[in-house]
Amino acid sequence: MNVIKKISYHPVIVGAVRFLHIQKILKYAYYYFNRPKDGLVPLEISDIKISLYIDKPAELRCLESIGKAEGEKKLLEKFLLEINTGDVVYDVGAHLGLYTIFLAKKVGPSGRVIAFEPDKDMVSHLEKSIKANDVSNVLVVKKALGEMNGVGNLYEGETIGNTSLVKTYEKVINQEEVEIISGDDFALENNLPIPKFAKIDIEGYEFSALKGLAKTLSHPDCKILCCEVHPGILPAGITEDAIVELIKSFGFLNIDTRERELNSYHVIARKS
């Protein structure tokens, strides 16, 4: 199977497949031969072992890419070193649960992970992964975060992970009406603890979510923020600089960036 994976990711093979327009056929063939029989993909980072539930070809490819240069593995390794037993984490845009499950294992039963994910399919996947990994310290909130409470359309593009409240240039293959909440209001109403670490990855809607979490992120106990910025799909009037300045206004003065593929990058912010 490793041979099949290497061949399928080879640039020459990828180019030929695109030229022949047979991506969809080979995508499902690849998934058929490499899919986990129980739907659970095993992963290991920093000696922590987890399994994540999938049921689509693109989800398998997504998890296979986390160890690549633009993947999440190195970033998660750093955060796992900074997070301790008993800490609280907010995962905004939990998706398949990569951050949620790894961090739930790290913080342990005395810690807590609050996972915000509005996509009903991803919530179903996430709940199955929570059960499979036997973690009881995760609260899944099926809501999107924004500046104010309301409703919006969640658009699903052809690229896995490109579910967004911002209608992008991609072909929309599905859309779902979802509830949008202010993170600060939700935390106050539900007496949620302040997170030491917050990760935000919501495909272009990050400025609005940050505004709605202003009080939480400004709290001295909130030490680390990782926010993925998507310059090409930001709403009209929102700039990359505005996002960084907003993050700084919360007291995060140590700002680093890490480039990713697909025209996005991580802003990694810490308080001194």
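User: Which residues of H6 are buried?

Analyst: The buried residues of H6 are Leu 98, Tyr 99, Thr 100, Ile 101, Phe 102, Leu 103, Ala 104 and Val 107. Buried means under 20% relative accessible area, exposed over 50%, and partly exposed in between, with a 1.4 Å probe and protein chains only. Helices (H or I, at least four residues) and strands (E, at least two) are DSSP runs, numbered from the N terminus. This is a predicted model, in which local features need pLDDT of at least 70, side-chain atom pairs count only at pLDDT 80 or more, and totals for chains, interfaces and linings use all residues. Residues are numbered from 1 along each chain as its sequence is written, and side-chain values use heavy atoms, leaving out hydrogens and water.

User: Why is helix H6 described as largely enclosed?

Analyst: Eight of the ten residues of H6 (residues 98–107) are buried, so the rest of the structure largely encloses this helix. After H6 comes Gly 108, with a positive phi near 75°.

User: How do the axes of H5 and H6 cross?

Analyst: Axes are lines fitted to C-alpha atoms, for helices over the stretch in contact, and angles run from 0 to 180 degrees between N-to-C directions. The axes of H5 (residues 73–82) and H6 come within 10 Å and cross at roughly 30°. That makes H5 roughly parallel to H6; angles under 35 degrees count as roughly parallel, over 145 as roughly antiparallel, 65 to 115 as roughly perpendicular and the rest as oblique.

User: Which residues meet between the two helices?

Analyst: Contact means heavy atoms within 4.5 Å. Leu 75, Leu 76, Phe 79, Leu 80 and Leu 81 in H5 meet Leu 98, Tyr 99, Phe 102, Leu 103 and Lys 106 in H6.

User: What does the largest nonpolar core contain?

Analyst: In soluble globular proteins, nonpolar side chains tend to be buried together. A nonpolar core is a set of buried Ala, Val, Leu, Ile, Met, Phe, Trp, Tyr and Cys residues joined through side-chain atoms within 4.5 Å. Here the largest has 40 residues, and Tyr 90, Phe 116, Leu 210, Leu 217, Leu 225 and Ile 247 have the most contacts inside it. Helix H11 (residues 240–249) gives the most to this core, with four residues. Another core, of 36 residues, lies apart from it and includes Ile 45, Leu 76, Val 89 and Ala 94.

User: Is Gly 150 buried or partly exposed?

Analyst: Gly 150 has 32% relative accessibility, so it counts as partly exposed. Gly 150 lies in strand E7 (residues 150–156).
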